[in-house]
Amino acid sequence: MKNVAVKGKYIPQNKGKFLSSRMPIYRSLWERRFMLYCDRSENILEWDSESIHIPYVSPKDNRWHNYEADFYIKYKNKSNHEVTALIEIKPYFQKKWDVNIAKWDACQKYCDEQNMDFKVLTERELFS
């Protein structure tokens, strides 16, 4: 499935699950689809979009920037345990970009410190 570059606001139907007071913005159809999943799935207990800011050094200019993972989620796993995670939605080919690797390394470190999971979901995970 092609990740068409579109942008729009998503209106959560299950407002008790969505944590932010602002409307989430999707920047691709894949992100919109993930928002629908979070909103509708009984296993997703709460979610938010671009809500956690993580500092990282960009290899492009060697300066500090802030990275915002696409999603924060709390869900029940197959063992019925609650798990919190940060989720990034990207096309597979972007996994090798230096700037993304820098962002995701910083995010993984943050998640390890917070006892959270971090996952990059591509078309391989989203549509397999």
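Helix α1 has 12 residues and spans 16 Å from its first C-alpha to its last, close to the 16 Å expected at 1.5 Å a residue. The expected span is 1.5 Å times one less than the number of residues. Helices (H or I, at least four residues) and strands (E, at least two) are DSSP runs, numbered from the N terminus. The model is predicted: local features need pLDDT of at least 70 and side-chain atom pairs count only at pLDDT 80 or more, while totals for chains, interfaces and linings use all residues. Residues are numbered from 1 along each chain as its sequence is written, and side-chain values use heavy atoms, with hydrogens and water left out.

The buried residues of α1 are Trp 30, Glu 31, Phe 34, Met 35, Leu 36, Cys 38 and Asp 39. Buried means under 20% relative accessible area, exposed means over 50%, and partly exposed lies in between (1.4 Å probe, protein chains only). Among the elements that cover these residues of α1 are β2 (25-26), β3, β6, β7, β8 (117-121) and α3 (123-126).

**Nonpolar cores**

A nonpolar core is a set of buried Ala, Val, Leu, Ile, Met, Phe, Trp, Tyr and Cys residues joined through side-chain atoms within 4.5 Å. The largest one has 18 residues, of which Phe 34, Trp 47, Phe 71, Ile 73, Ile 87 and Ile 89 touch the most other members. At least two residues of this core come from each of α1 (29-40), β3 (44-49), β6 (71-76) and β7 (82-89). The largest share, five residues, comes from α1. A second, separate core of 16 residues includes Tyr 67, Tyr 72, Val 99 and Val 120.

Not counting residues up to four places away in sequence, Ile 73 touches Phe 34, Cys 38, Ile 44, Glu 46, Trp 47, Val 83, Thr 84, Ala 85 and Ile 87. Contact here means heavy atoms within 4.5 Å.

**Strands**

Two strands pair if DSSP finds at least two bridges between them. β3 and β6 pair in the antiparallel sense over five bridges, and Ile 44 has Tyr 75 in β6 as its bridge partner. β6 and β7 also run antiparallel, joined by six bridges; here Tyr 72 stands opposite Leu 86 in β7. The hairpin of β6 and β7 has five residues between the strands, and Asn 80 in this hairpin takes a positive phi near 70°.

**Salt bridges**

The whole structure holds four salt bridges, each a side-chain nitrogen of Lys or Arg within 4 Å of a carboxyl oxygen of Asp or Glu. The table lists some of them.

| Pair | Closest N to O |
|---|---|
| Glu 50 and Arg 27 | 2.8 Å |
| Lys 74 and Glu 46 | 3.8 Å |

Glu 50 is partly exposed at 21% relative accessible area, and Arg 27 is partly exposed at 38%. Glu 88 and Lys 90 are both buried.

**Aromatic rings**

Rings of Phe, Tyr and Trp (its six-membered ring) pair if their centres lie within 6.5 Å; planes under 30 degrees apart count as stacked, over 60 as edge-to-face and the rest as tilted. The structure holds seven aromatic pairs. One of them is Phe 34 with Tyr 37, tilted, at 6.1 Å centre to centre and 40° between the planes. Phe 34 is buried, with a relative accessible area of 8%, whereas Tyr 37 is partly exposed at 44%. Phe 34 also forms a tilted pair with Phe 71, at 4.8 Å and 50°.
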